[in-house]
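Here are my notes on the model you sent. Please read them beside the sequence and the 3D view.

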Amino acid sequence: MTMTIIDGKLTAKNLREKLAIEVAEMKSEYGVQPSLTVVMVGDDPASQVYVKNKVQQTQAIGMISSEINMPANCSQSVLLDQIKALNHDSSVHGILVQLPLPHHIDESAVIAAIDPNKDVDGFHAINSGRLFNGDLGAMVPCTPQGCVLLIKQHLGGDLSGKHVVVIGRSNIVGKPVAMLLLQENCTVTITHSRTRNLPEVCRQADIVVAAVGIAEFVKADWIKEGATVIDVGINRVITHDGKYKLVGDVDYQAVIEGCGAITPVPGGVGPMTIACLLKNTLLAAQATISKRSV
């Protein structure tokens, strides 16, 4: 049996190239250039790297990207006022507030304040409800969206009847990826770290999506021979020589021996998350054009 390493970098590159063509066509035909505004509170180093990558990739495909930096001691009311201003700014199509936020700010209140039509992260309760109801107009969270695109590309598009085990129940990955896979006619089992007989449940799966946030949690004997494994985890661990490295939620070196396909960490789901953020920004801009024509 041939094992495949699913290349998220290449898939994301191909998606960005497609989006760049659509952005150019939109600008030429309608005079509209999609724009994304990223709001960052504080100076967390990891968040700074993420934001820099988002801004660079947004600009690289012809979109407008702007960044608003607010101090770590910024009050919640000031942040909410900033979001309100962006909601009313017709030149801004997508709004992203970089998480995590400082502890004194209620993240749920901030997410709720974003216009659902500009919520390119797809975290707003209205977008969650739309996704649950199978509404194709929902802003879908970027990481789950990227997972499904990788699965469909590897397995040829039709996922009907596949048994998927999702490990993780977060609102950011676990729950939305389950909803998306149900829409693809999969049979979906949502599990988590407290699920009884979890290895046994996983061994029944044609596809395993690991999003539990525990380094190398999924072991080789959990995976059915030939199964597809999507590793969403990004965990920083110390190696035997005292250095740091990134690993996923899957014991990659062990699982790779028996699975049919697997995403690496890094280079798997991560690049797809930003590519799908750009896709959502384009969709938000397209929606404004549709409203103009009504």
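1. Start with the open sheet: 3 strands, in the order 3-2-4, with parallel pairing. Strands are DSSP runs of E with at least two residues, helices are runs of H or I with at least four, and both are numbered from the N terminus. Two strands pair if DSSP finds at least two bridges between them. Strand 3 (64–70) and strand 4 (94–97) are the edge strands, each pairing on one side only. From one strand to the next, the twist averages 15°.

2. This is a predicted model: local features need pLDDT of at least 70, side-chain atom pairs count only at pLDDT 80 or more, and totals for chains, interfaces and linings use all residues. Residues are numbered from 1 along each chain as its sequence is written, and side-chain values use heavy atoms, leaving out hydrogens and water.

3. Look at strand 2 (residues 35–41). Its parallel pairing with strand 4 covers 4 bridges. Leu-36 sits opposite Gly-94 of strand 4.

4. Check two prolines. The Leu-99 to Pro-100 peptide bond is cis, with omega near 5°. Pro-100 is in the loop between strand 4 and helix 4 (107–113). The Val-265 to Pro-266 bond is also cis, with omega near 0°. Pro-266 is in the loop between strand 11 (261–262) and helix 10 (269–293).

5. Asn-185 is not a glycine, yet its phi is positive, about 70°. The residue lies in the loop between helix 7 (174–183) and strand 6 (187–191). Asn-185 counts as exposed, at 52% relative accessibility (buried is under 20% relative accessible area, exposed over 50%, partly exposed in between; 1.4 Å probe, protein chains only).

How values were computed
Axes are lines fitted to C-alpha atoms, for helices over the stretch in contact, and angles run from 0 to 180 degrees between N-to-C directions.
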